[in-house]
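User: Please take me through the side-chain contacts in this structure. I am new to it.

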Amino acid sequence: MNWDHEERKKKLMEYADRDAELNGKAGASIFETEFIDYDEDNVVTVRFHIKDWQRNPFGNLQGGMQCYFLDFIAGIASWVMVDGEPIGTVDLNVNFIRTVPQTAEFVDVRAQVISLGRRVIVAHAEVRDPDGWLAADAVANTTRLLGTDP
C-alpha cells in the first residue's frame, strides 16, 4: 500500500462525489450522496439521501437499495485500501435488522476493511438511520482483479 491516510481520504472524497457523473449517465437525478468521514481507523462513511423511488410500497427504504448502499461503501473501502487497484465484489452477506423509518430523509452507511489478503479483501459495512439505529449490516468479500495466475 503506497497511499497514506490523507491520500486515501482525498481519493474517497473524489469518488463519493460522483452524483453529477452517475446522474448524467442515467439521465435523471437518481443519486444524492455526501462524503461524511474517513477516520483514523480507516472507517469510511457516506450519507445517502433517500429518494421517493427508493422506498417500498409501505414507505420504508427498500431492502435492495440498502444492499446497493452496502455494496457501494464496502467496495470503495476495499478499493482505497489497495491504492485504487481494480476490484470486484465476490459476495455480499446482508442482515436486515430493522426498517428505516418512513420519515428518514437519509441513511449513513459506513464500512471498514477487516481483512486484507493478497487477492481477497473482506469489509464490514452497516446502514444506520438518522437516529443512529442499525438498520442493516453486511460482510462483503471483494477480489483484486489481477491478471491470471502463473
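Analyst: A charge sits over a ring if NZ of Lys or CZ of Arg is within 6 Å of the ring centre and within 35 degrees of the ring normal. This is a predicted model, in which local features need pLDDT of at least 70 and side-chain atom pairs count only at pLDDT 80 or more, while totals for chains, interfaces and linings use all residues. Residues are numbered from 1 along each chain as its sequence is written, and side-chain values use heavy atoms, with hydrogens and water left out.

User: Over the face of which residue does R98 lie?

Analyst: The distance from R98 to the ring centre is 4.4 Å. The residue whose face R98 lies over is W133.

User: How many salt bridges does the structure hold?

Analyst: A salt bridge is a side-chain nitrogen of Lys or Arg within 4 Å of a carboxyl oxygen of Asp or Glu. R110, E126 and R128 are linked in a network of such bridges. The number of salt bridges in the structure is 6.

User: Which residue forms a salt bridge with D108, and how many residues apart in sequence are the parts that the pair ties together?

Analyst: The partner of D108 is R47, with the closest N and O atoms 2.7 Å apart. D108 lies in strand β4 (residues 106-116) and R47 in strand β2, so the pair ties together parts separated in sequence by 61 residues. Strands here are DSSP runs (E, at least two residues) and helices likewise (H or I, at least four), numbered from the N terminus. The partner is R47, and the separation is 61 residues.

User: Is K51 buried or exposed?

Analyst: Buried means under 20% relative accessible area, exposed over 50%, and partly exposed in between (1.4 Å probe, protein chains only). K51 meets E32 in a salt bridge at 3.7 Å, N to O. E32 has a relative accessible area of 37% and is partly exposed. K51, at 18%, is buried.

User: What kind of aromatic pair do Y68 and F69 form?

Analyst: Rings of Phe, Tyr and Trp (its six-membered ring) pair if their centres lie within 6.5 Å; planes under 30 degrees apart count as stacked, over 60 as edge-to-face and the rest as tilted. By this rule there are 5 aromatic pairs. For Y68 and F69 the centres are 6.0 Å apart and the planes 65 degrees apart, and the pair is edge-to-face.

User: Over which ring does the charged end of R47 sit?

Analyst: The charged end of R47 is 3.9 Å from the ring centre. The ring is that of F106.
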